[in-house]
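Subject: Structure handover

Hello,

The sequence and structure are placed just under this paragraph. My notes on what was found follow them.

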Amino acid sequence: MNTTDKIAVCSRSFSRHPILRAEILSRFANVTFNETGRQLEGLELIAFLKGHNKAITAMELIDETLLSALPELQVIGKYGVGLDMIDLVAMRKHGKQLGWISGVNRRSAAELTLAFAIVMLRHVVAGNRDIISGSWRQMMGGQLTGRTVGIIGCGNIGKDLIKLLEPFNCPILVNDIRQYPEFYAKFKLIQQVSKEELLTHADVVTLHVPLDDSTRNMLTGERLSLMKPTAILINAARGGLVDETALKEMLKEKRLAAAAFDVFVQEPPKDQELLELPNFLATPHIGGSAEEAIIAMGHAAIDGLDNGKIPSK
């Protein structure tokens, strides 16, 4: 057992997970858990991290201010796959190491996306709301089988979604800044296209890209207007990729059939009008919240405490 390092576990969900707690305590003698039940921010987060040379973080903001205040903090193990809460430039500047593994929650996020597509195509949300309000009417939906699916971002989750879609015989349009010719060659119904072509022709559009300066507000109102009025938009990636105000207007005016979002610009979301639309489904950022994914992400974060590297450019 490591008795030298002092570990701070910032994540609330990691801190209260019995399996992950037992795992890290079996490897490190000096561990401080976040027992507050709150996400730590600003000065409170700095105070919590003081005196620790390693930390596990999730949605906590790791920026220049924090790193400057914590010269003793040398390694961060990332609990989760997104890096938008970590200033990698500041990490490099201060010589801090990052332990992180991409794609450990791929199946969890891909399955949620598949569920969203089927649920919205079959009007499950609207039908449930009808029954709760006392109404009983048949709703004519559509099958996912044979429909064209557009995947923006074909990294770990996008690739896994393609595998799950294979039995549905869906033509798949993909758009990514990277090329994956060997992977695409394994599937007969895949075509690489521009974002505009994908949005124009897909029946289901799903986003699987990180949030950075190149993707922020990627789907503007103008781009959203390219989509078919019968199409469905899914975002289980990151809030901030879509102009939510423009989306709301399109859903209200039936210029877009439906949308399902697991992530929002502001979390929890405050636009009650959007949340109450019968053709909109919202979930509370649960893409990685399958037990199997939680364990995998936790193990990756723990391993990252000993296997961290200064982030490359």
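**Parallel sheet**

Strands β10 and β11 run parallel and are joined by four bridges.

Before the rest, the terms of use. This is a predicted model, in which local features need pLDDT of at least 70 and side-chain atom pairs count only at pLDDT 80 or more, while totals for chains, interfaces and linings use all residues. Residues are numbered from 1 along each chain as its sequence is written, and side-chain values use heavy atoms, with hydrogens and water left out.

β10 and β11 belong to an open sheet of seven strands with parallel pairing, in the order β8-β7-β6-β9-β10-β11-β12. The edges are β8 (190-192) and β12 (280-282); each has a single partner strand, so one side of each is left without a neighbour in the sheet. On average, neighbouring strands of this sheet are turned by 15° against each other, direction ignored. (Axes are lines fitted to C-alpha atoms, for helices over the stretch in contact, and angles run from 0 to 180 degrees between N-to-C directions.)

On its other flank, β10 (residues 232-235) pairs with β9 (residues 204-207) over four bridges, again in the parallel sense. Leucine 207 has asparagine 235 in β10 as its bridge partner. Helix α12 (residues 244-252) packs on the sheet and touches β10, β11 (258-261) and β12, with its direction at about 140° to that of β11. (Contact means heavy atoms within 4.5 Å.)

Strand β11 is covered on both faces: Ala258 and Ala260 on one side, and Ala259 and Phe261 on the other, are all buried. (Buried means under 20% relative accessible area, exposed over 50%, and partly exposed in between, with a 1.4 Å probe and protein chains only.)

**Strands β1, β3 and β4**

Strand β3 (residues 54-57) pairs in the parallel sense with β1 (residues 2-9) over three bridges, and with β4 (residues 75-78) over four. Valine 9 is bridged to isoleucine 56 of β3, and threonine 57 to lysine 78 of β4. Lys54 and Ile56 point one way from β3, Ala55 and Thr57 the other way, and all are buried.

**Aromatic rings**

Rings of Phe, Tyr and Trp (its six-membered ring) pair if their centres lie within 6.5 Å; planes under 30 degrees apart count as stacked, over 60 as edge-to-face and the rest as tilted. By this rule there are seven aromatic pairs. The rings of phenylalanine 183 and phenylalanine 187 have centres 5.1 Å apart and planes at 50°, so this pair is tilted. Both phenylalanine 183 and phenylalanine 187 are buried. Phenylalanine 261 and phenylalanine 264 form a tilted pair, at 6.1 Å centre to centre and 45° between the planes. Phenylalanine 261 is buried at a relative accessible area of 1%, and phenylalanine 264 is buried at 4%.

Tyr180, Phe183, Tyr184 and Phe187 are linked by ring pairs into a cluster. Lysine 159 lies over the face of tyrosine 180, 3.3 Å from the ring centre, and its charged end also sits over the ring of phenylalanine 183, 5.8 Å from the centre. (A charge sits over a ring if NZ of Lys or CZ of Arg is within 6 Å of the ring centre and within 35 degrees of the ring normal.)

**Two helices**

Helix α14 (residues 291-307) has 17 residues and reaches 24 Å from its first C-alpha to its last, close to the 24 Å expected at 1.5 Å a residue. (The expected span is 1.5 Å times one less than the number of residues.) Its buried residues include Ala293, Ile294, Met297 and Leu305. In helix α6, the buried residues include Leu112, Phe116 and Met120. Histidine 123, which follows α6, has a positive phi near 60°.

**Two loop residues**

Aspartate 203 is in the loop between α10 (195-201) and β9, and is buried with a relative accessible area of 15%. Leaving out residues up to four places away in sequence, aspartate 203 touches Arg147, Thr148, Lys228, Thr230, Ala231 and Ile232. Tryptophan 136, in the loop between α7 (124-132) and β6 (149-152), counts as exposed at 69% relative accessibility.

Regards

Definitions and conventions. Pairing = 2+ DSSP bridges.
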